[in-house]
Amino acid sequence: MAALDEPTQLLIQSNKADAMVVKTRDGDKLGSVFAFMINKRTGETAYAILSIGGFLGMGKAYYPIPFQLLRFEPTSDIYVVTIDRRVLEGGPSWAANPPVFDQAYADRVASYYEVAKQDLSLGGATLSPEA
């Protein structure tokens, strides 16, 4: 973590994402970023996969959330989840075998968090929340 008098770097290597701490709106440590899901067409981060819980690699759970539900806190060099922890913990997740992050799964995540669905087809755009 950067010292308070040092500037925070705004770029992060994707293979270093697991070093990014994630806290709740109340300031409690929630977990860390396990990975970012990048839209290959736009280059934008669509989802963050959060790693929560566990000890020595056992018992961890992974929660995909739309990237827009994270807020970067530059003074602490952390992400803050902008939704209630209970909402996050009730959302789509996995412990062992990750799902295929296809259109159906992306739609499920977007519907749960009530955000606009993204068209993951090769020619797509953002879909309306009702789509």
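The structure is a predicted model, in which local features need pLDDT of at least 70 and side-chain atom pairs count only at pLDDT 80 or more, whereas totals for chains, interfaces and linings use all residues. Residues are numbered from 1 along each chain as its sequence is written, and side-chain values use heavy atoms, with hydrogens and water left out.

The pairing of β2 (residues 29–38) with β3 is antiparallel and comprises seven bridges, where two strands are said to pair if DSSP finds at least two bridges between them. Within this pairing, valine 33 has leucine 50 of β3 as its bridge partner. On β3 a further antiparallel pairing, with β4, is made through six bridges, and here tyrosine 47 is partnered by proline 66 of β4. Of the eight residues of β3, seven are buried, that is, under 20% relative accessible area, as computed with a 1.4 Å probe on protein chains only.

The loop between β3 (45–52) and β4 (61–66) contains lysine 60, which is partly exposed, with a relative accessible area of 31%, a value in between the buried limit and the limit for exposed residues, over 50%. When residues up to four places away in sequence are not counted, lysine 60 touches Ser51, Ile52, Gly53, Gly54, Trp94 and Ala95, contact meaning heavy atoms within 4.5 Å. The C-alpha atom of lysine 60 is separated by 9.9 Å from that of leucine 50, 10 residues apart along the chain.

Conventions:
Helices (H or I, at least four residues) and strands (E, at least two) are DSSP runs, numbered from the N terminus.
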